[in-house]
Amino acid sequence: MRIEEIAARVLEISVRKRVSLRLAASEFFSQYRQYEKLKPAVRVITTEVARRYKLLDRATELVLGIDTEKLDLYAQNLVRVVVFEVMYRDFPLSTFSWFCRKFRVSISALRRLRDTDPDELVRGLDYISRLSVKYSIPRWVIDELFRAKIPNVEELLARFMRDPTRYIRVSTHLTDPEELAERLAQYGILCSRDPDLPDLLRIERYETHPAKTKEYERGLYHIQDKSSVLLGHEILQDLREGKCRMIDVTGGPGGKITHVAQYGYYSVGVDLSLRRVREIERHVKRMHILLTDYLCADSTKIPIRLEKFDVVLVDPECSGIGRLHHNPEAKMWISRRDVEKHSKLQYMLLRAVLARVRKGTVIYYCTCTLTLQENENQVMKILEEFDIEVVKPEPFLGAESPILRNAQRLYPHVHDTTGFFIAKLVKL
Ligand SMILES: C[S@@+](CC[C@H](N)C(=O)[O-])C[C@H]1O[C@@H](n2cnc3c(N)ncnc32)[C@H](O)[C@@H]1O
């Protein structure tokens, strides 16, 4: 099989099953072990194709005259992979004679493709369509970003075209950041201290995947975005001020509960998925966390007395629009229906929690998306039903929401994090 065909198969699995490219590649290479050594190269190609799939489709249509919508999913992705290689790589065009035969295009058409300036492809389109094609994001997502009053939407879309900055949270009960950074340097993982959060290292460069070191296995750190670590510090601030028990009602895989527990505060994680509860268990054991309990349950009807907790976190699944630089493949399948589906559950979880906690309880609501429907609008609906106020969390490193006072947003293109929303509520 050619590498282009393998990449097209992986993209096809990812789109058909709506799974990450990593999972799609695992599925493919577990069946075709003989191609295993091509895995890193396939990873790069599929990521780059997913990032610019709409632009590649437009180039195919305008320059090669192929209507990709008429092709099956595999052929559609095969064309995308080859068009990407012609436009963005320097392989001799004769390499693609098999493609020319298969799709009845001439080498001179490929030459025209190679000479095409990507900016030319979007000329003449209205502003939103231009952004949608250039940055390969569905139009409705761009509409949502404008509706949410995100500053410099084009810069955000451009940020999604590059790899995200990765961070690690140091297990401060087991080591310290300087010592860990020195140990990781031996693997070619170069880290620097984050200027804002004391237990956070920013990965500048890595030659070994950060989850593949002995130090990771020994629990000396956790791979976690800065936005989530920030939320952990906001919760810790409340715990230090005398609120001592915390529960994460959507707790898997345990990022936030293990964070607060490493500083000696008791935390509980609840998750509907047994697989996710097992992940909590794995991280708790790996990081030698003592003060945590976890269970598998549906938090819309949680079988625990929430009145016993001082801080409750609601961190539900969401459309993940703030993570499109982590998962560019999601740009190919994300739909408005995802926003609808997630917002229903988010609201049910918030209502279930608010109805059960006692006065004075602090509730954090967070998501890694940027739509109003899943963020500010959820909080505003809850404000109408319950006696609560939105207060400013500390530390506050993001930008205040232009829609909801005291709610915090983190933007990938401004704060170099996942796109994130945090509202701190207090029940009155
Ligand atoms: C964004 S993740 C939570 C991340 C977690 N708070 C952390 O810090 O690692 C959302 C989780 O919500 C869980 N979930 C979805 N519906 C749920 C429900 N009804 N009750 C409990 N957990 C639920 C999912 O299984 C998923 O693991």
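By class, five nonpolar, eight polar and seven charged residues make up the shell around the ligand; here Ala, Val, Leu, Ile, Met, Phe, Trp, Tyr, Cys and Pro count as nonpolar, Asp, Glu, Lys and Arg as charged, and the others, Gly among them, as polar. The model is predicted: local features need pLDDT of at least 70, side-chain atom pairs pLDDT 80 or more, while totals for chains, interfaces and linings use all residues. Residues are numbered from 1 along each chain as its sequence is written.

**Exercise 1.** Find which residues are closest to the ligand.

**Exercise 2.** Work out how strand 6 is joined to strand 7.

*Solution.* Strand 6 and strand 7 (residues 292-296) run parallel, joined by five bridges (pairing takes at least two DSSP bridges). One to locate is Asp271 with its partner Cys296 in strand 7.

**Exercise 3.** Decide which residues of helix 12 are buried and which are exposed.

*Solution.* First, Pro177, Leu180 and Leu184 are buried in helix 12 (residues 177-185), with 20 or more other C-beta atoms within 10 Å of their own C-beta, placed from the backbone. They lie on the same side of helix 12 because they cover an arc of only 65° around the axis, taken from the directions from the helix axis to the C-beta atoms. Finally, Glu178, Glu182 and Ala185 are exposed on the other side (12 or fewer such atoms).

Note on methods. Near = placed C-beta within 6 Å. Helix = DSSP H or I, 4+ residues; strand = E, 2+ residues; numbered from the N terminus.
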